[in-house]
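Walk me through this protein model. I have not seen it before and would like to follow how its parts meet.

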Amino acid sequence: MRAWRAGEHPGELRLVDEHAPVPASHEVSVSVEACGVCRTDLHVIDQELPVHRPGVVPGHQVVGTVARAGAEVHHLRPGDRVGVAWLHQTCGQCSWCRTGRENLCPDSRYTGWDVDGGFSEYVTAPAAYVYPLPDEADAPATAPLLCAGIIGYRALTRANLPPGGNLGIYGFGSSAHITAQIAIASGARVFAMTRGEANRDLARHLGATFVTDATGAPSEPLDAAIVFAPAGELVPVALSATTRGGTVVLAGIHMSDVPVLDYHHHLFNERDLRTVTANTRADGAALLRLAAALRITPTVTTYPLDQAPDALEELRSGRASGSLVLVPG
């Protein structure tokens, strides 16, 4: 099978041809139909996140078909459509796992970081951590939901947005443009602050009330804001734009340094500053149900698997709009 592996040095990616992985007894092997390209993949390849597995295959937004099932797997069989997401496995025994907060498990492992992911023709995953998908699911359109959608959903649930409230979105990439659709469908007004005219055009197309550049001021005070861009300098900007009692959520796994905050200007009047750390399987199941009910449709640009470096460069440069998806062919 063909697969892309991270190189020894930051930014390196090499195409290899090797044997397809064999699933363990509790795993399934999945024939990849599509794999979304996430900014976290860039953080792994560029070593902005610490290296967990040298030469790992990135990719954690996989839609595919079960090719083989391990001996202990009884609820999935070859031919079933499934999704493989960021959360690969947790211990199941710590206090966080036992209280429904498995995203905080100290021993959690992640697809495309700790174990090989979906920039490949095949990937293995524990059967208990994959998501059953309908046979009719469109692979490229579904793939971004498996991280961009899930993380955006969790960020939105942590934003304490009141009904019909004003939601600020900083950065309008893959996760943000999915989250905006969910928020607008729920009655919120979305204010998009983002770099790149293509991203601003997409925000307008999806129904944003107000659109400006990344550091611009929204036209009205925000009840809540989500910072999707991995830019620490946007944190005080978002807090300044948020009204009394508002909440700012930081949705990324990696962020540049946050400037010093002024307590009275940025945090006083009961403003909350919160983060998102991975997701639970319940988050993923809830997002997939919601996306189907609301007919959430990511804006997708597909690339052949062989052109993974081109897709990553589009994302790295800021030229990308919507979601980028690799398709083996």
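A polar contact is a pair of N or O atoms within 3.5 Å; within protein, one must be able to donate a hydrogen and the other to accept it, and residues adjacent in sequence count only if both atoms are side-chain atoms. By that rule, 4 residue pairs, both at pLDDT 80 or more, are in polar contact across the interface of domain 1 and domain 2. Salt bridges (a side-chain nitrogen of Lys or Arg within 4 Å of a carboxyl oxygen of Asp or Glu) number 0 between domain 1 and domain 2.

This is a predicted model: local features need pLDDT of at least 70, side-chain atom pairs count only at pLDDT 80 or more, and totals for chains, interfaces and linings use all residues. Residues are numbered from 1 along each chain as its sequence is written, and side-chain values use heavy atoms, with hydrogens and water left out.

Now the layout. Domain 1 covers 2-144 + 298-327, and domain 2 covers 149-275. These bounds come from an automatic or database domain assignment. Taken over C-alpha atoms, the two domain centres lie 27 Å apart.

Where do they meet? Contact means heavy atoms within 4.5 Å. On that basis, 20 residues of domain 1 touch 15 residues of domain 2. Together the domains bury about 1,300 Å², with 54% of it on carbon and sulfur atoms. Buried area is the accessible area (1.4 Å probe) that two parts lose on being put together, summed over both. Of the area that domain 1 buries against domain 2, His43, Ser321 and Gly322 supply 25%, more than any other three residues.
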